Amino acid sequence: MQIITLAAQKGGVGKTTLAVNLAVSAQASGIKTVLFDLDPQESATAWSERREAELPHVEPISARRLDQAISAAEANGFELTIIDTPPAAGTEAAAAAQRAGIVVIPCRPSLIDLDAIKRTAQLITSTGRTGVVVLNAAPPTATTLLEDARTLAEATGLKVSRAVLRERSAYRAAWPYGLGVIEYEPKGKAALEIAALQKHLLDDLMNCTPASLKG
């Protein structure tokens with residue numbers, strides 16, 4: 001089973017929104033997916049309670065139950081685990097990063113947010129895991145801003161995803177219905193960007209495709 005952990009020192013970077021949308025996108029592509037909600041706010045759990053579809057499965061857990069939950073998910077045929085952590089580089093994030101094949105760090109392209117990922121980068125380096133920064137909620141027409149943000153993010157020693165997520169109203173519109181953007185607006189720009197990010201993370205970096213998992 002493959003594991004992706006989402007971690008961010010700073011709140012408000014869209015970590016949980018990215019976690020649920022990646023989970024929905026992976027599930028839609030044929031990968032049986034579970035999302036473990038380690039964030040005490042349980043925003044992902046609240047989102048799932050408004051959802052009609054059973055999958056991806058979302059479950060709130062504590063860090064001390066993480067190993068047990070991952071083992072149970074694997075025994076129940078789940079192929080991908082996504083872990084949403086609290087907005088801090090603390091013990092929960094460290095435990096989740098330790099189990100991950102890859103750690104995704106959502107970051108808005110602003111100096112405040114880019115400065116904040118340095119602590120997250122240190123956490124990931126200490127676990128020996130691969131960290132990938134995802135530039136999130138970027139202004140729809142920004143180009144130079146993204147180039148500068150990419151340079152600053154790479155200076156931390158982390159990889160930076162070539163897939164960028166822009167600020168889109170579809171994320172806010174889909175949330176109250178417990179939907180991902182690929183379900184709410186399948187042909188919209190947000191859906192296309194999430195699909196591109198999912199392909200980059202799962203296909204290119206993790207080799208986590210339905211064919212590879214079942215083959």
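A pocket here, on a 1 Å grid over the protein atoms alone, is an open set of points where a 1.4 Å probe fits, with protein on both sides within 12 Å along at least five of seven lines, and lining residues have an atom within 4 Å of a point. Helix H1 (15–28) and helix H7 (169–174) are the elements giving two or more residues to that lining, with H1 supplying the largest share, four residues. Helices (H or I, at least four residues) and strands (E, at least two) are DSSP runs, numbered from the N terminus. The volume of the largest pocket comes to about 440 Å³, taken as the space filled by probe spheres set on the grid points, which are joined across faces, edges and corners.

This is a predicted model, with local features needing pLDDT of at least 70, side-chain atom pairs counting only at pLDDT 80 or more, and totals for chains, interfaces and linings using all residues. Numbering runs from 1 along each chain as its sequence is written, and side-chain values use heavy atoms, with hydrogens and water left out.

Now for the sheet. Seven strands form an open sheet in the order S3-S2-S4-S1-S5-S6-S7, with parallel pairing; two strands pair if DSSP finds at least two bridges between them. Strand S3 (57–60) and strand S7 (159–160) are at the edges with a single partner strand each, so one side of each has no neighbour in the sheet. Further in, S5 (residues 102–107) and S6 (residues 131–135) run parallel, joined by five bridges; Cys107 has Leu135 in S6 as its bridge partner.
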